[in-house]
Amino acid sequence: MATEVKDRSIGINERENGNSRAIFYKKPIKKDNYNLDIDNIDTPQEIRRQRLLQFQKKCRDITFNTGRRILEQSFNSEEDEFEDDMEIDDSNEKKCYLPKRYKYYANQLMMSEWMLDVPQDLLEKWIIVPCPQGKRTLVVACKGVTKAYNKQGNRLGKFYSALPGGNPYGHRSSCTIIDCIWMKQQKIYYVLDVLAWSNQSLMNCDTEFRFFWLKSQLQETKELQERDIYVNTFPILSLPNISCDTDISLALANLSNLHPLDGLLFYHRDGQYTKGRTPLVTWLKPFMLPEVLGIFVPALFDEKPDGYIDFKYYILNSRAKKRKEKSESQMDTASGNS
C-alpha cells in the first residue's frame, strides 16, 4: 500500500490521483538557501548515489575483500594480551585505549548523511530503520568472546553472546561482526546491520539481503533475546525495517518501545556495506518528517528542540557544533602534549 502522505493536520492537498508521490520528489534544500558545510555539496546527493551504485556493481570484489580482511584481523588480533575485564564501560572513553597498532576496528562503521534532497526512488528503493538513542558500536564475536568497540576503534568492554564465535561453549572458530546501538540504561544491543556472520562476509551483499539474513538469524538464535545466561550476557535484538511504500505514520505509531527515538536511517535497498559516510544511507530526525516528506508523525516523536526554526537551520547548527567540539578536542590534545 502506498504511503498515506495526505494529512489534514499539515494541510497537504493532492491535485490529482497518484500525486502523493510528488510529495517525495520535492527538493526541500536549495544550495543557495543555506551555505551548508556538507561533504561534496557541489555534487547533489542523487548524482552521488547513482555513481556509487554503479561503482559498487562493478567492484563487488573490493567490498568482499574488505570484509575478508576484517574477519582475518579478528582472528589474528592479540588484544587479549592487553585486557582482561569482562564488562561494558562507556562512562569515560578517554581512559581505556589500546595501543594504536591494535585498533583494528577504527572507522569501520557505515555512517549516514543528512537527507539533503528526497531520493527520486524513495518509495520503491528505500527502507527505514528507526534508531533509538544510544551509543553506536561495532560488536565482534570471535574466539569464544564478544567485544564492543566505538567508532574510533576503542574497546568498550567484552562479554559473552550467543552470536557465532561469541562464547566459549560454541564454535570458537567462528566470527560474527554486527553494527549495533548500545542502550546503556536498558543494557540492550539493537542491531542495525551485519558485516559478517559465522565467517561469511556480507559486506558485498545488498541491503535487502543483509537485512533478510540478519532478521532470520536473530530469530533463529533464541538465546540472543535472553539476559545473563551462560552464553549470552546482554539481549541482542533486531530493529524494525519499514518499507517506504507502506504507511510510515502507522509504523511509527507502533514504535513506543523504542522511545526515546534518536532518528530514522534511510537505507537504499541496493547499497553495499561500506565504511565511512555514504549517500546510500541518509538520516532525519523524527520531527523533520512532516517538513521534508509530508508525513504525519505521532506526538511521541514530534517534540522539537528549543529554538528550532526548520530542518535546514538545524543541520547548519549541528555541523557548527561538531566543528567546535572537534576544534576544542584538538586544542586539548595539543595542550596535553606540550
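1. In helix 2, the buried residues (under 20% relative accessible area) are Q45, E46, R48, R49, L53 and Q56. Viewed down the helix axis, they fall within an arc of 160° (taken from the directions from the axis to the C-beta atoms), so they line one face. R51 and K58, on the other side, are exposed (over 50%).

2. A word on the model: it is predicted, so local features need pLDDT of at least 70 and side-chain atom pairs count only at pLDDT 80 or more, while totals for chains, interfaces and linings use all residues. Residues are numbered from 1 along each chain, and side-chain values use heavy atoms, without hydrogens or water.

3. T282 is buried, at 0% relative accessible area. Beyond neighbours within four places in sequence, its contacts (heavy atoms within 4.5 Å) include Q45 and R49 as well as W114 and W126.

4. On to aromatics: there are 14 pairs (Phe, Tyr or Trp rings, the six-membered one for Trp, with centres within 6.5 Å). F159 and Y189 are stacked (planes under 30 degrees apart), at 5.4 Å centre to centre and 20° between planes. F159 is in strand 5 and Y189 in strand 7, so this pair ties together parts 30 residues apart in sequence. Both F159 and Y189 are buried.

5. Y169 and Y230 have ring centres 5.2 Å apart and planes at 70°, so they pair edge-to-face (over 60 degrees). Y169 is exposed at 55%, and Y230 is exposed at 60%.

Terms used. Buried means under 20% relative accessible area, exposed over 50%, partly exposed in between (1.4 Å probe, protein chains only). Helices (H or I, at least four residues) and strands (E, at least two) are DSSP runs, numbered from the N terminus.
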